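Subject: Structure handover

Hello,

Here is the structure you will be working with. Please open it beside this email and follow along.

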Amino acid sequence: MCGIVGYIGHKNAYPILIKGLKRLEYRGYDSAGVALISEEGNLNVYKAKGKVADLEAHCQEKDITGYAGIAHTRWATHGEPSSANAHPHYSASGRLALIHNGIIENYLTLKENLISRGFTFKSDTDTEVLVQLIEHIMLSNSLPLLEAVQVALHQVIGAYAIAILDREHPDTVICARQSSPLVVGLGSDNEFYLASDTSPIAEYTDKVVFLNEGDIAVLQLGKKLQVVNMDNVKQHPKVKQIDVTLGQLEKGGYPYFMLKEIFEQPDCLRNCMRGRINVDADRITLSAVIDYRKRLIEARRFIIVACGTSWHAGLIGKQLIENLCRIPVEVEYASEFRYCNPVIYPDDVVIAISQSGETADTLAAINLAHEAGAFVFGICNAIGASIPRQTQTGVYIHVGPEIGVASTKAFTGQVTVLSMLALCLAAERKTISAEQYKQMVSELTKVPEKMEEALKINKQIEKLAPIFTYAKNCLYLGRGYNYPVALEGALKLKEISYIHAEGYPAAEMKHGPIALIDSEMPVFVIATRDKLYEKVISNIQEVRARGGRVTALVTKGDEQIRKLADHVIELPDTLECFQPLVASIPLQLLAYHIAVCKGKDVDRPRNLAKSVTVE
């Protein structure tokens, strides 16, 4: 879950690498490092524990010249966060420097073999094993670096995206990928950029190549991009044009990316729906449904696989598809699905949801589904990522780059896509009336303006937030469509404020969690008007009877719950199935403001990374 960036060209590499690391810091911020081939031909490696700013401070008095370089920001897997374990790692002779995102599963076996040959190691990482192995193969067999990389990778078991500098060939960077993302940017002046995703590249070029599984790319100054596989068979990658603006990658005056992304959601959902809902707001068109209509509407069942926030979106998708389409849906954690020997039928449809499109467990679940002959449908944000390339069809959510580690706009984008998919399939299956279909499509197009109305309570929530900074535990309750919203609200609070929180179906509270309720535990209840409204009122009364302090999210104008709750947050009314899109806004803001009150780094919470590309 680390971030890789590289450059070779006619510009000074260091500023490009540092800026790239800052844009990739959401992928890991335990330590950072940079390797440069200086103008004098030295291979200089500089590393620092901590964030990219710590690396910058470390490099202030160093030689940072050079037109070729690679850099890395780390989320620790093998070896604790430290300067020694930071990337890049030198080979034994100091000729090679290598950076790596992923896990080499058989690194201990490889390491023991190298130790038996007299090698010593300066770090606890699997990455140092790989660079030592490559140099050993290269020198002992008198092979060029590319061939040595190919031989070494044949011995490796695991996931990797790597980039290598060779002091003896300062005009070349070699990189490779397997189950971990890597993209090459093509510059205008025979230069190349390299990164884990497009965010560090977008400022310099809109032409990129997304490397495929097993690809090895040779970036040689002044020559065309060369891509081969591990057996040295030439590959023919497609050059794609990306549409990412610099403004999407900057904070735009907001103190944190998370707050910016919360406020972007209305426009993001408009982008998500643009071109898919007609101007009369009475029809949804999804090319995936047009192209695979029979396969989708005749599915035996849908199996949604996802992780974290995407799993919560999947729970809402389950209710949407079952209620509107009358097709059974199961929602599975991808990390469990891949190991539980699931029963998958050839007429099942597996829906894989991932913001990054690179989630390792979700990719493994996709492979399992393919092996069973199921049809796989992807829902993803990142254009050209692995999941859309490994699924038969799918839908992009089009919410733009999400930099904050705690997902906000990707969640509502995923729910919006699932809403459109469910309505599309329901119309095809004729499981809802034409009148109901038109009403729901029309209401979905009004959700962005209702989100804008919900965002106006930001100041109210900012004033409420200090009340909850003392809390050690919080409980989030919801029912029906709002139960997954409770789960998501609790996750947001945990992620960025480090307050323990749990989301529960409100009715399940009395089957255990009610024992925890007292005046010291805040209880947040999503209590908007729907068919379960009266039931939720009863649940609030149960909390109040035990001294609990209730903050309720209610439909605007609700006076009944106002009399019961300690604090009330009013939301605009919408259809029950779209309430999660509006109700999620105040819970995101609440988590944000509580974390800010506690002095936490909202965009870079401890121990977390944005894209989980390892198990």
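Below are notes on aromatic rings, charges over rings, and helices.

This is a predicted model: local features need pLDDT of at least 70, side-chain atom pairs count only at pLDDT 80 or more, and totals for chains, interfaces and linings use all residues. Residues are numbered from 1 along each chain as its sequence is written, and side-chain values use heavy atoms, with hydrogens and water left out.

**Aromatic rings**

A pair of aromatic rings is described by the distance of the centres and the angle of the planes. Rings of Phe, Tyr and Trp (its six-membered ring) pair if their centres lie within 6.5 Å; planes under 30 degrees apart are stacked, over 60 edge-to-face, and the rest tilted. The count here is eight aromatic pairs.

One of them joins Tyr256 and Tyr592 edge-to-face, at 6.1 Å centre to centre and 75 degrees between the planes. Tyr256 is in the loop between strand S14 (240–241) and helix H6 (257–273), and Tyr592 is in helix H18 (residues 579–597), so the pair ties together parts 336 residues apart in sequence. Helices (H or I, at least four residues) and strands (E, at least two) are DSSP runs, numbered from the N terminus. Tyr592 is buried, at 3% relative accessibility. Buried means under 20% relative accessible area, exposed over 50%, and partly exposed in between (1.4 Å probe, protein chains only).

Tyr292 and Phe375 form a tilted pair: 5.0 Å centre to centre, 55 degrees between the planes. Tyr292 is partly exposed, at 30% relative accessible area. Phe375 is buried, at 5%.

There is also a cluster. Tyr7, Tyr193 and Tyr204 form it.

**Charges over rings**

A charge sits over a ring if NZ of Lys or CZ of Arg is within 6 Å of the ring centre and within 35 degrees of the ring normal. The charged end of Arg300 does this over Tyr345, 3.8 Å from the ring centre. Arg529 does it over Tyr533, at 4.2 Å.

**Helices**

Helix H9 (residues 309–325) has 17 residues. How many of them are buried? The number is 13, and H9 is mostly covered. Just after H9, Arg326 takes a positive phi of about 60 degrees.

Helix H3 (residues 107–116) and helix H4 (residues 126–140) pack at about 50 degrees, with axes 10 Å apart. Axes are lines fitted to C-alpha atoms, for helices over the stretch in contact, and angles run from 0 to 180 degrees between N-to-C directions.

Best wishes

How values were computed:
Expected span 1.5 Å × (residues − 1).
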